Amino acid sequence: MDEDAEAREIALEQGYVDRVYRRLDAMRSSYRRQLDGVRRSGPSGSPQNRSERDAFAAHYEDTISRLDQVENRLVFGRLDFTGDRTRYVGRIGILSEDQEQLLVDWRAPSARPFYQATAAHPGEVVRRRHITTDLRRVVALEDELLSSEGLTPAVEHSLTGEGALFAALSAAREGRMGDIVATIQAEQDAIIRDELEGILVVQGGPGTGKTAVALHRAAYLLYAHRERLQRSGVLIVGPTRVFLDYIDQVLPSLGETDVVSTTMGDLLPGTSTRLRDEEDVARVKGDLEMANVAERAVRALQRVPADPQRITVEGIAVTITPAAVSKAMARARRAAPTHNEARTPFVLAMLEDLVRQYARGRGLDDDDETAYLYEDVRSNRDVRVALNLCWMPTTPHGLLERLYARPDLLARHSPKFTQAERDLLRREPGSQWTISDIPILDELAELLGPHEEAETRRARLERQASEREQLEFAQTAIDAQDLGDGMVDASMLASRFRQHGPSLTLAEKASADRTWTFGHIVVDEAQELSPMAWRALLRRCPLRSMTVVGDLAQRSGSQPATSWRSLMGKAGREHVRQAALTVSYRTPATVLEAASAVLMANAPGDYLPLTAAREVAHSLVTTRGHWRDVLVDVVREELRGLGHGKMAVITPSDQVAGVWGELAEAVGEALVSPDGHPLRAPLVVMDPPASKGLEFDVVVVVEPAHIAAASIGDVYVAMTRPTRRLHAIYRDELPDGWPAQDHDVNSTAAPHRW
C-alpha cells in the first residue's frame with residue numbers, strides 16, 4: 001500500500017473510530033444522568049425502596065466504571081467478509097441508538113474469526129485488518145489477505161497480525177502487564193474459549209503468554225457465563241503481591257472488575273504473610289498427610305474422661321460420667337458440622353444431665369420446674385473447667401502453634417511422619433506464619449469452624465478500624481468543603497455514611513469470607529503450589545472449574561517436578577484436561593536456546609517443544625568478575641541504553657540485600673518508583689522466585705551457577721525474564737550447558753555478546 005492509499009485508509013478508519021467513541025461518550029453521559037437522578041432521590045422511603053435505589057446506583061456506577069476502563073484502544077480490528085460485509089472488533093460490544101452493531105465484543109462468537117481465520121481456513125473472511133490507535137487517533141493499519149491461492153506451509157502456520165504483535169513485543173516494558181486482546185494468536189484463543197467445566201491445565205514455557213491467556217480466559221468466561229459467574233465470582237491466585245500489582249489493570253481494561261485477586265499467603269482472611277519456608281520444611285507442610293494431622297489434632301480436643309468426676313455445686317455433688325460425655329458428644333456431632341459449632345450442643349446436653357442430678361440433690365423430681373437451676377450449674381467454675389477439658393474450643397492459629405511447639409503432641413498426631421520430618425516442623429510459640437502454614441490453618445479453620453469469642457473480638461476490631469476511617473474521611477470532607485457551619489460534625493456525617501453508604505461489592509464480600517465459593521479459579525505459576533495448597537483451593541471451588549497455568553520446568557526447588565498430577569494431589573485426580581502453549585513471544589531466540597540448554601544439562605527430561613517467535617541482536621551477554629567489582633559498571637552501562645524500559649537484577653536469594661545496597665549507593669535514583677510500586681522504577685532487585693510471571697527489557701543475573709545449584713528451575717526463570725537482553729555476571733563458572741564462549745572474558749571492558 002503506497003503512502004497516499006494508506007493515508008486514505010487511515011482517514012476512513014478514523015471516521016469509524018470517531019463514530020464509535022461518540023457513541024461511547026453518549027452511553028457514559030446517559031448512565032451518569034441516571035445515576036445523578038438516583039442520588040437526588042435521597043435516602044427516604046421504605047427499606048425496599050432504599051435497597052432498590054442502592055442496587056440501581058451500584059449498577060450505574062459499575063457500568064460507568066467499565067466504560068471508563070475500555071477507553072484506550074477501544075477499536076482494534078476489522079473483518080471483511082465475502083458479500084461486502086464488514087465487522088469491527090473491540091474491547092466491548094457497542095450498539096448505535098438504532099441498535100446497529102457498531103462494535104463486536106472480542107469475546108463474542110462472531111469475533112472468533114479475527115483470531116482463528118487463516119489462509120488455509122479463511123471461512124468467509126477476505127481480509128483481517130489490525131487497527132492501531134494512540135488514545136482516540138488511528139496511527140497504523142496492518143492488513144492480512146486470506147486466500148488459499150499460492151498457499152505454502154510457511155504461510156499457513158504464520159502468526160496473525162505480525163506487525164501489531166511484534167510492535168507490542170518490542171515496546172518498552174512499563175512495569176504493568178498490558179492486555180493482548182488485539183494480538184491473541186490462534187493457539188491462545190483456543191485455550192481462552194475452552195469450556196468452563198473441569199480443570200484445564202495449561203503448560204507453557206517462558207514467554208508463551210500463559211498469564212495473559214489466563215486473564216483473557218477469565219474475561220471471556222465472565223462474558224460467556226455472566227449469570228453464573230456474576231453471582232459467585234472469579235478468584236485469581238498469583239505467586240506474589242508484586243505480580244498481582246503487575247497484572248491488576250488487565251481485567252479492568254477488558255471491562256471486568258468483579259474479580260478477587262490473592263496470593264496463597266493472603267488466602268485466609270485475617271492472616272497475611274510473604275515468608276517462605278526452607279524447601280524441606282515446605283515439603284513436609286505441603287504433604288497431604290498434614291490434613292490427617294489436622295483432623296487428629298481437632299478430634300483430640302474432644303476427650304472422654306477415663307473415670308467419673310465428682311463436682312460440688314452449691315453444696316450438692318454431681319458427677320460427670322464417661323457414658324454421659326460420650327452420649328453428649330455423639331449428639332453434638334450430629335447437630336453441627338464443625339468442632340467449635342458443635343461445642344454448644346455438647347455443653348447443653350451435659351448441662352441437662354448435670355441439672356437433673358443437681359435438682360434431685362435438692363429434693364426435686366423430674367416433673368418439677370428446674371430451669372432456674374441452670375445458672376447455678378452453668379456458672380460453676382469446676383463445671384466450666386471440666387466441660388472445657390472434654391470439648392476444648394480453640395482457634396486454628398492457637399492449635400497449630402501448640403502442635404509446632406510441643407513435640408509430644410505432634411508425634412501423637414503425625415504417626416506417618418519420620419522424626420526428622422517432625423523436627424522440621426518445630427518452632428517456638430509466637431513465630432511468624434509462613435506461606436506453607438496458610439493451607440494448614442485453612443484446613444483447621446474448616447474443621448474447627450468459627451470461634452465465637454475470637455470472631456466477636458475480630459469483628460469488633462474491624463468495626464472500630466472502619467469507624468475511625470469513616471470519621472477521618474468525614475472530617476476531611478467537612479474541612480475541604482466547609483460543610484456544616486457548626487451544625488454538622490464529623491461523627492454525624494460518618495454516622496449517616498454508615499446508615500446509607502454503598503453496599504460491598506462481590507469482590508469485597510468474597511475477600512472477607514473464608515467460606516465463599518467461587519464459580520471459577522485461575523491459578524498462575526501453578527507449579528509452585530503444594531498438594532495442601534491445592535486442597536485449600538478445591539474447597540473454594542466445589543464445581544471444580546479452574547484454569548491452571550504454569551511450567552513444570554520453572555518450579556523452584558532441588559527436586560524437579562515429573563507431572564502435574566503428582567504436584568496437584570487430590571486436584572490431579574479430578575477431571576483434568578491439558579493444553580499447551582508452544583511459541584515464546586517474549587524471549588529472544590538466543591536467550592531461549594541458552595536457557596533450554598542449561599535446563600537440559602542440569603535436569604534432562606521430556607519437555608514440550610518451545611519455539612521463539614523473534615530474535616534480538618546481542619541478546620546474550622556475559623561479564624566475568626566478582627559481582628562487587630563489576631555489577632555497578634554493568635548496571636550503569638545497561639541503564640544508559642535502556643531508554644524508557646525496565647530492568648531487573650536477579651540474584652541468589654541470600655545476596656538480595658547486599659546487591660540492593662551496592663546499587664542504592666551507586667544508582668539509587670534508578671531504584672525509586674514514582675508511585676511507590678516497585679515495578680514502576682527503572683531498576684529492581686529481586687531473587688528468582690520473586691521474578692516469576694514478570695518480564696523486563698533487560699535482566700542482569702548475578703552468579704547464575706549459584707542459583708542453578710540451589711534450583712535449576714530458578715535459573716531457568718531468571719534467564720527467561722528479558723525481552724531484549726540477558727547479561728550474566730559470574731566469577732568462576734557459568735551453569736552447565738551455557739553456550740561456549742568464543743574467547744575468555746575477564747572484565748566489563750569486553751563483555752561477550754552472542
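**Exercise 1.** Is Glu528 buried, partly exposed or exposed, and at what relative accessibility?

*Solution.* Begin with the ground rules. This is a predicted model, where local features need pLDDT of at least 70, side-chain atom pairs count only at pLDDT 80 or more, and totals for chains, interfaces and linings use all residues. Residues are numbered from 1 along each chain as its sequence is written, and side-chain values use heavy atoms, with hydrogens and water left out.

Step 1: Buried means under 20% relative accessible area, exposed means over 50%, and partly exposed lies in between (1.4 Å probe, protein chains only).

Step 2: read the value. Glu528 has 28% relative accessibility, so it counts as partly exposed.

Step 3: Glu528 sits in the loop between strand 12 (520–523) and helix 24 (531–539). Helices (H or I, at least four residues) and strands (E, at least two) are DSSP runs numbered from the N terminus.

Step 4: list its contacts (heavy atoms within 4.5 Å). Beyond neighbours within four places in sequence, Glu528 touches Gln554, Arg555, Ser556 and Lys692. Its C-alpha is 8.6 Å from that of Leu567, 39 residues apart in sequence.

**Exercise 2.** In what order do the six strands of the open sheet run, and which stand at the edges?

*Solution.* Step 1: the order is 3-4-2-1-5-6, with mixed pairing. Strand 3 (94–95) and strand 6 (137–145) are the edges; each has a single partner strand, so one side of each lacks a neighbour in the sheet.

Step 1: apply the pairing rule. Two strands pair if DSSP finds at least two bridges between them.

Step 2: go through the pairs.
- Strand 1 (residues 75–81) and strand 2 (residues 85–90) are antiparallel over six bridges. Here Leu79 stands opposite Arg87 in strand 2.
- Strand 2 and strand 4 run parallel, joined by two bridges. Gly90 has Asp105 in strand 4 as its bridge partner.
- Strand 3 and strand 4 run antiparallel, also with two bridges.

Step 3: inspect the hairpin. Five residues separate strand 3 from strand 4, and Gln99 in the turn has a positive phi of about 70 degrees.

Step 4: check burial. Four of the five residues of strand 4 (residues 101–105) are buried, so this strand is largely enclosed by the rest of the structure.

**Exercise 3.** Which residues line the largest cavity?

*Solution.* On a 1 Å grid over the protein atoms alone, a cavity is a set of points where a 1.4 Å probe fits but cannot get out; lining residues have an atom within 4 Å of a point.

Step 1: count. There are three cavities of 30 Å³ or more. The largest holds about 50 Å³, a volume being the space filled by probe spheres set on the points.

Step 2: name the lining: Arg66, Leu222, Arg226, Leu229, Gln230, Gly233, Glu256, Asp258 and Leu506. Helix 8 (residues 226–232) gives the largest share, three residues.

Key:
On a 1 Å grid over the protein atoms alone, a cavity is a set of points where a 1.4 Å probe fits but cannot get out, and a pocket is an open set with protein on both sides within 12 Å along at least five of seven lines; lining residues have an atom within 4 Å of a point.
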